[in-house]
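Here is a friendly note to read alongside the model. Please keep the structure open as you go through the points.

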Amino acid sequence: MDIEAVKDRAGPRQFGPNDDMPEEYRRAATRMIQFHANSEVMGGYLDKEFTRHAPSLDRKLANTAKVQDEIGHAQLLYRAAETLGVKTRDEMLAELQTGEGTFLNCFHYPVDSWYEAPMIDFFVDGGAMRRQATLKSTSWTPYAHAMDKVCFEEGFHVKHGESILRELMRGSKATQERTQETFEEWWPRILQFFGPTNDESTHNDFAQEVGLKTTSNDELRNSFLNMYIPKAEKYGLEIPEYPRVFERDDGTMAVREDDLDWEEFWTIAKNDFEGSHEQIGSRARRQEAVAWVRESLDSWERGAPGTPQAAD
């Protein structure tokens, strides 16, 4: 199949491993799914920090379960990416370890307080849900199948984050003020979570033409604003003055894109931000620390012919 035939046939769950897909499609889909899988790993590592800060055993247990979910999502996505035949799961994990693999901007910022938990678990995960719900209609069927499970579990994660935000905003005046300060710090990062503006996006047009994406970055960002500004205000948060948000003629919300720090965003996109080095380095050290576990499992599997693989 050539690329023009792909564009003609592009639609929800239209293509799979049995189709003879052109290399341009396979590489674009691999890049997109690998980025998504990397983000699940790095988001899980970020979330892990909240377990230490969680104020109760129930919160620690819920947070631990969420981290497990996120790493599980990454495994599903790496397997979906492998079906395109461009890279193996091990190659993609190695690229993440060396800093060659990229991931979402919000996961480049280290966290060090419980007040940041709802910023990730409610707002960032809420944004992820807006994006991932559209990917259930992506043209690469294994990716869409992975989204069925991911979206189901992410719905619980957003509720988990909303519960933490509700609790914090019902706390003392000092707690509410600290939560508001944290929100103001994270709000611009959250709005950039959806990627560059459409006119600056390198991959958006092709991804939409071949059905890998069904919604543009700007559409997702505006959809998030329409849904999450009312939710933030419901719990008593005030939307920061900058970046400026305005109401369009049709009554929907949008952000003044020029108010966002795109220089920092593009530095992050190259894994060259100070926080990027810290997050990638931390993850690489942990990967090395548990190398003996992987080697032990590999050794056991080699010694037990016919033993089912974990993915079976």
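1. Phe 224 and Tyr 228 both sit in helix H9, 4 residues apart, or about one turn of the helix. Helices here are DSSP runs of H or I with at least four residues, strands are runs of E with at least two, and both are numbered from the N terminus. Phe 224 is buried at 0% relative accessibility, and Tyr 228 is buried at 4%. Buried stands for under 20% relative accessible area, exposed for over 50%, and partly exposed for what lies in between, using a 1.4 Å probe and protein chains only.

2. A word on what you are looking at. This is a predicted model, in which local features need pLDDT of at least 70 and side-chain atom pairs count only at pLDDT 80 or more, while totals for chains, interfaces and linings use all residues. Residues are numbered from 1 along each chain as its sequence is written, and side-chain values use heavy atoms, with hydrogens and water left out. The mean pLDDT of the chain is 93, and 97% of the residues score at least 70; pLDDT is the predictor's confidence in each residue, from 0 to 100.

3. The whole structure holds 17 aromatic pairs. Rings of Phe, Tyr and Trp (its six-membered ring) pair if their centres lie within 6.5 Å; planes under 30 degrees apart are stacked, over 60 edge-to-face, and the rest tilted. Tyr 109 and Trp 186 make an edge-to-face pair, 5.9 Å centre to centre with 70 degrees between the planes. Tyr 109 belongs to the loop between helix H4 (89-98) and H5, and Trp 186 to helix H7, so this pair ties together parts 77 residues apart in sequence. Both Tyr 109 and Trp 186 are buried. The rings of Phe 224 and Tyr 228, by contrast, are stacked, because their centres are 4.8 Å apart and their planes meet at 15 degrees. One aromatic cluster includes Phe 224 and Tyr 228, along with Phe 122, Phe 123, Phe 183, Trp 187, Phe 193 and Phe 194.

4. Where does H9 kink? The kink, of about 30 degrees, is at Tyr 228, shortly before the proline Pro 230. The bend at a residue is the angle between axes fitted to the seven residues ending there and the seven starting there. H9 has 18 residues and spans 26 Å from first to last C-alpha, close to the expected 26 Å; the expected span is 1.5 Å times one less than the number of residues. Further along H9 (residues 217-234) comes Ala 232, which is buried at 0% relative accessibility. Ala 232 is in contact (heavy atoms within 4.5 Å) with Phe 123, Phe 183, Leu 237 and Ile 239, leaving aside neighbours within four places in sequence. After H9 comes Gly 236, with a positive phi near 95 degrees.

5. Helix H5 (residues 117-135) also deserves a look. A kink of about 30 degrees in H5 is centred on Asp 125. H5 is mostly covered, with 16 of its 19 residues buried.

6. Two histidines come next. His 157, in helix H6 (residues 141-169), is buried with a relative accessible area of 3%. Its side chain makes a polar contact of 2.9 Å with that of Asp 69. A polar contact is a pair of N or O atoms within 3.5 Å; within protein, one must be able to donate a hydrogen and the other to accept it, and residues adjacent in sequence count only if both atoms are side-chain atoms. His 36, in helix H2 (residues 23-53), is buried at 8%, and its side chain has a polar contact of 2.8 Å with the side chain of Tyr 143.

7. Finally, some backbone details to check. Tyr 242 and Pro 243 are joined by a cis peptide bond, with omega about -5 degrees. Arg 13 is not a glycine, yet has a positive phi of about 50 degrees; Arg 13 is partly exposed at 31%. Asn 271, not a glycine either, has a positive phi of about 60 degrees, and Asn 271 is buried at 7%.
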